[in-house]
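Hi everyone, thanks for coming.

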Amino acid sequence: MNSSPFTLSGVHYRSITPDDVPAFYDVMMNAGMDGRAETWNGTTPDDLRATLFAPDCGGYLAVDRDGRAVGCVGYRPHGNHTLVLYRLATRPEARGRGVGRQLMNEAEGMANREGYGRLMLPISQFNLGVIPFYEHLGYRQVDEPYPFLKEGRPAPVVMVKEFKSHNEDSE
Ligand SMILES: CC(C)(COP(=O)(O)OP(=O)(O)OC[C@H]1O[C@@H](n2cnc3c(N)ncnc32)[C@H](O)[C@@H]1OP(=O)(O)O)[C@@H](O)C(=O)NCCC(=O)NCCS
């Protein structure tokens, strides 16, 4: 399994399996998301299972030393070049310890290894306070539609981060 060693904060990061859906869902639903963010709050465990385990999709869990899930993030490809990250959440009591950042690192590392050139994130119009967090991690807002927008739902803010090309690296 694709996983990282325990970090100094005692949290382990690993790829999800289908058995992790209840824990993933529990972290999401306890994240304190604004009640108006329908796409997030209306998600069911079955929805999660269907999107997290579709071809080329997946996610990561952050697990503490007691085996309790304290953070989650999912990913799904959009074409061959873009990997969309979604449902990033950490338990309120686990915040400010680098768990959210490390979950993003896990997903970004995988995207890089798999040859995706950029990451994309949807941000609910009711969760704009999280934008500085993503800017801090190198994402920027773009004016492009979210490819997985469901009919009738408000369009999210879209942020992206592009990997440096080999040409840029050699400059
Ligand atoms: C957003 C969230 C995942 C951050 O998780 P976290 O574990 O507290 O994040 P980290 O501790 O890894 O923070 C990494 C850095 O971002 C900063 N940061 C965290 N939240 C921030 C915010 N809302 N605005 C600006 N910076 C923020 C931290 O201070 C830290 O900075 P540092 O690198 O200088 O130390 C968490 O607050 C959460 O689950 N929120 C509710 C769900 C949510 O909004 N998810 C995003 C859906 S798009």
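Let's start at Thr 90, where a polar backbone atom sits 2.9 Å from an oxygen atom of the ligand. That is a polar contact, meaning a pair of N or O atoms within 3.5 Å; within protein, one must be able to donate a hydrogen and the other to accept it, and residues adjacent in sequence count only if both atoms are side-chain atoms. Asn 127 has a side-chain N or O atom 2.8 Å from a ligand oxygen, and for a polar side-chain atom of Arg 95 the distance to a ligand oxygen is 3.1 Å. On its own the ligand has 930 Å² of accessible area, and the protein covers 72% of that (Shrake-Rupley method, 1.4 Å probe).

A quick word on where this comes from: this is a predicted model, where local features need pLDDT of at least 70 and side-chain atom pairs pLDDT 80 or more, while totals for chains, interfaces and linings use all residues. Residues are numbered from 1 along each chain as its sequence is written, and side-chain values use heavy atoms, with hydrogens and water left out.

So, how many residues surround the ligand? There are 21, and Leu 88, Thr 90, Gly 98, Arg 101 and Asn 127 are the closest; to be near, a residue needs a heavy atom within 4 Å. By class, 11 are nonpolar, 7 polar and 3 charged, with Gly counted as polar.

Which element gives the largest share of the shell? Helix H5 does, with 4 residues; helices here are DSSP runs (H or I) of at least four residues, and strands (E) of at least two.

A polar atom of the Lys 161 side chain lies 2.7 Å from the backbone oxygen of Leu 137.
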